[in-house]
Amino acid sequence: MSGQHHRETEPYAAIRTKAIESLLIEKGLFTGDAIDAQIQAYEKDIGPMNGAKVVARAWVDSGYRERLLVNGREAISEMGFADTQGAELVVLENTPAVQNVVVCTLCSCYPWSVLGLPPTWYKSFAYRSRVVIEPRKVLKEFGLELDDSVEVRVWDSNSDVRYMILPKRPDGTENMSEDELVELVSRDSMVGVAQAKSPAQVS
Amino acid sequence: MEDRIALPRKNGELVFDAPWEGRAFGMAVALNEIGEYEWSEFQSLLAAEIANTESSDSSTYYERWLVSLEKLLLDKGMLEAKELEARTTEYASGERDDDWHD
């Protein structure tokens, strides 16, 4: 028997999404399994651990670091990471003199293959509008206070170019292995709103 | 399938706040990957939808995503407005209830 459901009313968006998906499956554009796989990939496999591995490798391998800074997309593909939307990836190195910070002022462009999907704050009107106007204040709200001597540069992503930060390698990490260094690299440090963690901050 | 499986989290944040968001995301990405449109086409619509609604309504990011996807599908002729409305009504009324993906 259809039509009798004692369940909460679904939101309109859920109903609309089902309508769209069911029609497109019928038209043979994709299967439900293919959509399942996309979702699984972004829920499980694709995330900032990827970017952390890229950063750790760049810290220990100067040749890789150079390739990464020259052509981000090619360099991350060496490690098996690739966006499927066709955008370029520019990797920006943070130094004691320059703090680069990334935003997408118009929507949410973000280097998915190395960072996963963006957090809610990155997509918020507050971040998108304020970080370009008052970056130091925004960074301070993230807990990052920079000396006046540090230049802050804000980079606006778009559908053609996405950005990832190569954070500064923390002091006291000279004897750490690449695997150990991965643990220091947070998602936020690869957006530029935080620094990488010091060894003392990781238990 | 159990209704109350915890939604996946990364860094302690939900990846999607509800299953439909994941479906809308997955569809937009899949259609781009098979070459139905350039990613910039979807992104332009999303940016426009955000700009048009951000100061006036409280729709969420994925609601805007869904609106953008729908526009693109209609523009590209992958869907027709009539069939979309008809199918939406079937689900809304409970006449159709194949929600295996929930």
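Read along its sequence, chain B follows the pattern β-β-α-α-α-α. That makes four helices and two strands. Helices here are DSSP runs of H or I with at least four residues, strands are runs of E with at least two, and both are numbered from the N terminus. The model is predicted: local features need pLDDT of at least 70, side-chain atom pairs count only at pLDDT 80 or more, and totals for chains, interfaces and linings use all residues. Residues are numbered from 1 along each chain as its sequence is written, while chains are lettered from A and ligands numbered from 1 in the order in which they are written.

Chain B has 102 residues, and 32% of them count as buried. Buried means that 20 or more other C-beta atoms lie within 10 Å of a residue's own; exposed means 12 or fewer, partly exposed is in between, and the C-beta atoms are placed from the backbone.

Now look at where the chains meet. In chain B, 43 residues are in contact with 40 residues of chain A. Contact means that the C-beta atoms of two residues, placed from the backbone, lie within 7 Å. On the chain B side, the elements giving two or more residues are α1 (19-33), α2 (39-53), α3 (61-75) and α4 (81-93). The largest share, 11 residues, comes from α1(B).

The buried residues of α1(A) include Ala13(A), Ile15(A), Ile20(A) and Leu24(A). What covers the buried residues of this helix includes α2 (32-45) of chain A, together with α1, α3 and α4 of chain B. Just after α1(A), Gly28(A) takes a positive phi of about 80 degrees.

Move on to the strands of chain A. Five of the six residues of β4 (161-166) are buried, so this strand is largely enclosed by the rest of the structure. Strand β1 (88-93) runs parallel to β4(A), and six bridges join them. Two strands pair if DSSP finds at least two bridges between them.

Stop at Leu89(A), which lies in β1 of chain A. Leu89(A) stands opposite Arg162(A) in β4(A). Leu89(A) is buried, with 23 other C-beta atoms within 10 Å. Leu89(A) and Met164(A) are 75 residues apart in sequence, yet 7.3 Å apart in space, C-alpha to C-alpha.
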